[in-house]
Amino acid sequence: MKRSAATIALTALAPVSWGTTYAVTTEFLPPDRPLFTALTRALPAGLLLLALTRVLPKGAWWWKALVLGALNIGAFFPLLFVSAYRLPGGMAAVVGSVQPLFVVGLSALLLSRRPAARTLVTGAVAALGVSLVVLQGTGALDATGVLAAVASTASMAAGTVLTKRWGRPDGVGPLALTGWQLTAGGLLIAPVALLAEGAPPALDARAVGGYLYLALANTAVAYWLWFRGIGRLQATQVAFLGPLSPLTAAVVGWAALGQSLTPVQVAGMALAFGATLAGQLGGRGGQSFSSPEKNGRQVSIDLTGRPLRR
């Protein structure tokens, strides 16, 4: 029991870290460079982990690592940033908050695990709580942004379930598996970023510090904790940690960016946090899933209701 609680707490640090992404992006990084930011988060972190572990995939794990890297990183990062830049503040986070329900459905198909009704209700409550926190009266929704948000959520959910299904090769730890996926995802993002955004922007010391934080703490360490958690917890337990990301973003926005929190938002935070706790308890039951990991999600939200543009 104590070991499980410690694993949950360590895994929860990943979405908590991802919840700081919006503040770091808007306060430290050059504007309107989502693909460059995604590339800078993924590839340096992946190469660093490869250098530390000195373990490469073998056999079928070459294509498995590529698939997982594409789902968890290569497709997820760009789609997430596209949705955050094109949608009104918080809407991308709302779509991402239904990821536990995506994981439930995919786990039923790929892991042959039937979800409990309690799990479905908990997922709906989590999505409702996040909606109350981040929705501030949005205008017309951009169709491309909505599709990107849904696709990013589905991509991470599929990566979570496949990570649980395939596990890890014998003798390979979560640090090496994380390095494989970050490197593969970063290499997939690189040509798209170059074609869409051109040469890298000029960086000052503030931007360099922001990118270092995103690459090391926010990506290398956070994704290592996330994939480690997938290997030790059930799939729904890990997925239900996802709402901690927008909740952290709300707290950071209030504490560091001067954004206010209304009573409705506070109530939503209580609902989402309660659903997160219930998801951990439900994960131990018989009808939930016997596996881990999304969709942890890095969620970039702006509580003022603006699109993520400057």
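**Pocket lining, salt bridge and aromatic contacts**

Helix α14 contributes four residues to the lining of the largest pocket, which is the largest share. The structure is a predicted model, in which local features need pLDDT of at least 70 and side-chain atom pairs count only at pLDDT 80 or more, whereas totals for chains, interfaces and linings use all residues. Residues are numbered from 1 along each chain as its sequence is written, and side-chain values use heavy atoms, with hydrogens and water left out.

A pocket is here an open set of points, on a 1 Å grid over the protein atoms alone, where a 1.4 Å probe fits, with protein on both sides within 12 Å along at least five of seven lines, and its lining residues have an atom within 4 Å of a point. The volume of the largest pocket is about 150 Å³, taken as the space filled by probe spheres set on the points. Six of the lining residues are nonpolar, two are polar and none is charged.

One salt bridge is counted, defined as a side-chain nitrogen of Lys or Arg within 4 Å of a carboxyl oxygen of Asp or Glu. The pair consists of Arg 33 and Glu 197, at 3.3 Å from N to O. Because Arg 33 lies in the loop between α2 (21-28) and α3 (34-53) and Glu 197 in helix α10 (residues 174-197), the contact ties together parts that are 164 residues apart in sequence. Arg 33 is buried, at 13% relative accessible area, as is Glu 197, at 19%, where buried means under 20% (1.4 Å probe, protein chains only).

The structure also holds eight aromatic pairs, in which ring centres of Phe, Tyr or Trp (its six-membered ring) lie within 6.5 Å, with planes under 30 degrees apart counted as stacked, over 60 as edge-to-face and the rest as tilted. Phe 77 and Tyr 223 pair edge-to-face, with 5.9 Å between centres and 65° between planes. Phe 77 belongs to helix α5 (residues 76-86) and Tyr 223 to helix α11 (residues 205-232), so this pair joins parts 146 residues apart in sequence. The rings of Tyr 223 and Phe 227, with centres 5.7 Å apart and planes at 40°, form a tilted pair. These two residues, Tyr 223 and Phe 227, are four residues apart in helix α11, about one turn of the helix. Trp 18, Phe 76, Phe 77, Tyr 223, Trp 226 and Phe 227 together form one aromatic cluster.

Terms used:
Nonpolar A, V, L, I, M, F, W, Y, C, P; charged D, E, K, R; others polar. Buried < 20%, exposed > 50% of the residue type's maximum accessible area, 1.4 Å probe, protein only.
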